[in-house]
Amino acid sequence: MTAAYVALEGGHVIEGRGRAPGTARGELVFTTAYTGYEESLTDPSYEEQILTFSYPLIGNYGVREERFEDDRVHPRAVLSRELTDDVADWLESEGVPAMDHLDTREVVTDIRDEGAMKCGIAVGEDVTEEDALAELEACKEMSDHTEIGAQVSVDEVEVHGAGNDGETVALIDCGAKGSITSSLVERDAEVHVLPYDASVEDVESVDPDVLFISNGPGDPANYEQAVSLVEAFVEDTPVAGICLGQQIVARALGGTTEKMTFGHRGVNQPVLDLDSGRVVMTTQNHGYTVDEPGDALEVSQINVNDDTPEGLDGVEYDVLTRQYHPEANPGPEDTLDFFDDVLEMAGDRSQRAVPADD
Ligand SMILES: NC(=O)CC[C@H](N)C(=O)O
């Protein structure tokens with residue numbers, strides 16, 4: 001049996017069974033999702049994290065590329081009670097260490113008590129506890145990954161749905177899940193995917209009907225350029241955001257963000273819409289949250305478990321954001337109408353922009 005050790009912040013080491021070799025370090029988090037492991041493992045928002053699945057059996061319906069949200073696995077390592085060979089082989093081929101046969105209830109309880117924490121992992125024929133502890137020692141705080149956007153963004157502009165007759169979207173790619181783009185293209189939008197550090201001129205050259213800030217990994221405080229884009233465009237152009245995007249929009253408009261203890265990661269987070277009184281089940285993956293939205297934004301939706309802001313509306317400006325993942329993938333599709341609402345908001349703008357008859 002291949003040896004496997006995971007070292008938690010504070011030095012507690014847990015032994016398991018090696019399933020994919022290698023050493024790694026990252027912020028230890030857990031998801032409660034019981035399906036959707038292909039989507040979660042390819043979600044760029046897990047960059048620089050080590051993902052623990054609390055559901056005990058992962059991989060029982062194989063690995064299919066059409067489910068991927070990006071072209072590679074993003075967590076630095078994977079912990080599970082039981083991983084199937086399909087998933088273990090996939091992770092090995094991606095160079096992502098994985099272990100199973102450990103008590104993931106213990107790991108999840110530690111994270112819930114102590115918060116998302118630094119972690120080191122070592123898996124292989126000859127590895128020792130010390131190898132996992134050395135990784136832990138070298139692990140950085142998530143907020144110290146200041147260039148994390150560059151690790152996950154496109155390098156060049158990509159256009160999806162070219163020639164579609166719907167709205168034009170400038171999607172700032174801070175680590176966007178593929179299904180955000182496809183949800184927009186399915187609704188006839190032409191989506192210009194721009195790098196996370198795109199300039200005001202880059203966005204102007206697209207002349208978008210809506211500026212859309214994507215999800216992404218790490219601390220929203222490390223996305224200053226995206227914050228300045230929202231500041232530059234919000235008076236004249238509708239603005240939308242998902243997850244990291246909500247946090248960036250809030251920071252741009254006078255709000256603040258903070259780190260949560262262990263965050264929300266799963267596919268059954270209940271969210272209350274304050275206007276309609278309707279509760280929807282949502283997919284989530286975040287460790288930061290909007291603390292104060294600021295005067296320019298009002299909270300439209302809250303998390304039923306802890307009252308944190310799940311949706312923000314502009315008070316004067318056309319702004320619509322969600323902390324959860326309305327595109328699902330994985331998870332429930334209760335919230336896909338967010339994309340209709342965003343494109344309707346964008347359409348109102350493009351109609352305003354039509355020159356008056358003379
Ligand atoms: N899915 C996301 O966009 C995550 C946002 C941010 N990195 C957080 O952890 O809160």
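For my class counts, Ala, Val, Leu, Ile, Met, Phe, Trp, Tyr, Cys and Pro are nonpolar, Asp, Glu, Lys and Arg are charged, and the others, Gly among them, are polar. I am working from a predicted model.

**Entry 1: the largest cavity**

The structure holds two cavities of 30 Å³ or more. I put the largest cavity at about 140 Å³. I counted 16 residues in its lining. Gly216, Gly218, His286, Gly287 and Tyr288 lie nearest the centre of that cavity.

I then sorted the lining of the largest cavity by class. It has five nonpolar, eight polar and three charged residues.

The largest share comes from β16, with four residues.

**Entry 2: the ligand**

What takes up the space of the largest cavity? The ligand does. I listed 13 residues around the ligand. Gly216, Gly218, Asn285, Gly287 and Tyr288 come nearest.

I read 2.9 Å between a nitrogen atom of the ligand and an N or O atom in the side chain of Ser45. A nitrogen atom of the ligand is also 2.8 Å from a backbone N or O atom of Asn285. At Tyr288, a backbone N or O atom lies 2.8 Å from an oxygen atom of the ligand. These pairs count as polar contacts because the cut-off is 3.5 Å between N or O atoms.

How much of the ligand does the protein bury? Alone, the ligand exposes 290 Å², and the protein buries 98% of that.

I went back to the elements. From β16 come four residues, the largest share of the shell. By class, I noted four nonpolar and nine polar residues in the shell, and no charged ones.

**Entry 3: the largest pocket**

I turned to open space. The largest pocket holds about 370 Å³. Of the 22 residues that line this pocket, Asp70, Val154, Glu158, Asp173 and Ala176 are closest to its centre. Asp70, Glu158 and Asp173 are charged, since Asp and Glu both belong to that class.

Several elements give two or more residues to the pocket lining. They are α5 (148-152), β10 (158-160), β11 (168-173) and α6 (178-185). I traced the largest share, four residues, to α6. The class count for the pocket lining is seven nonpolar, eight polar and seven charged residues.

**Entry 4: backbone checks**

Where is the cis peptide bond? I found it joining Asn329 and Pro330, with omega about 0°. Pro330 sits in the loop between β19 (319-322) and α10 (337-352).

I also looked at phi angles. His101 has a positive phi, near 60°, and is a residue other than glycine. I placed His101 in the loop between β8 (98-100) and α3 (104-114).

Notes
Residues numbered from 1 in each chain as written. Predicted model: local features only at pLDDT ≥ 70, side-chain atom pairs only at ≥ 80, totals over all residues. Heavy atoms only, no water. Near = heavy atom within 4 Å. Polar contact = N/O pair within 3.5 Å; in protein donor to acceptor, adjacent residues only side chain to side chain. Areas by Shrake-Rupley, 256 points an atom, 1.4 Å probe, with all protein chains shown as cover. 1 Å grid on protein atoms, 1.4 Å probe; cavity = no way out; pocket = protein on both sides within 12 Å on 5 of 7 lines; lining within 4 Å. Sits in = over half its atoms within 2 Å of the grid points. Points joined across faces, edges and corners; volume = space filled by probe spheres on them.
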